[in-house]
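This report concerns aromatic rings and nonpolar side chains in one structure. Please keep the sequence and the model in view while reading.

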Amino acid sequence: MKFILGTKEYMTQVFDDQGLAHPATVISAGPVTVTQVKTKEKDGYEAVQVAFGEKREALISKPQKGHFKGLGNFRYVEEFATPVGAIKTGDKVDLTQFKVGDL
């Protein structure tokens, strides 16, 4: 279960051992909050809905406020099809699950 959300900050370049420049994108990836866990019994498939970023309270619609149930005011919401396992609504997923070289 490796997933994360982030926003692109800027482009830069990284030099390797031979002095060759490689393009690189700097991403601001923060901890995501699990907003919904979809199960095979209830929804017909297994998936995890996660959210990231902040949005002003005035820009959140009433249905979204009800869906997030006080977890926060999120700007980005995505769903990842993955085996659910021990994931619960409100759990935080951060970058510690990734190692160097992971995609």
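Tyr-76 is partly exposed, with a relative accessible area of 38%; buried means under 20%, exposed over 50%, and partly exposed in between (1.4 Å probe, protein chains only). The model is predicted: local features need pLDDT of at least 70, side-chain atom pairs count only at pLDDT 80 or more, and totals for chains, interfaces and linings use all residues. Residues are numbered from 1 along each chain as its sequence is written, and side-chain values use heavy atoms, with hydrogens and water left out.

The structure holds 3 aromatic pairs (ring centres of Phe, Tyr or Trp, the last by its six-membered ring, within 6.5 Å; planes under 30 degrees apart are stacked, over 60 edge-to-face, the rest tilted). Two of these pairs are listed below.

| Pair | Centre to centre | Angle between planes | Type |
|---|---|---|---|
| Phe-52 and Tyr-76 | 6.2 Å | 20 degrees | stacked |
| Phe-68 and Phe-74 | 5.2 Å | 85 degrees | edge-to-face |

Phe-52 lies in strand E4 and Tyr-76 in strand E5 (residues 76-80), 24 residues apart; strands are DSSP runs of at least two residues, numbered from the N terminus. Phe-52 is buried, at 11% relative accessible area. Phe-68 is also buried, at 3%, and Phe-74 is buried at 9%.

Phe-52 belongs to the largest nonpolar core, which has 9 residues, including Val-32 and Val-50. Such a core is a set of buried Ala, Val, Leu, Ile, Met, Phe, Trp, Tyr and Cys residues joined through side-chain atoms within 4.5 Å. Strand E4 gives the most to this core, with 3 residues.

Notes
Helices (H or I, at least four residues) and strands (E, at least two) are DSSP runs, numbered from the N terminus.
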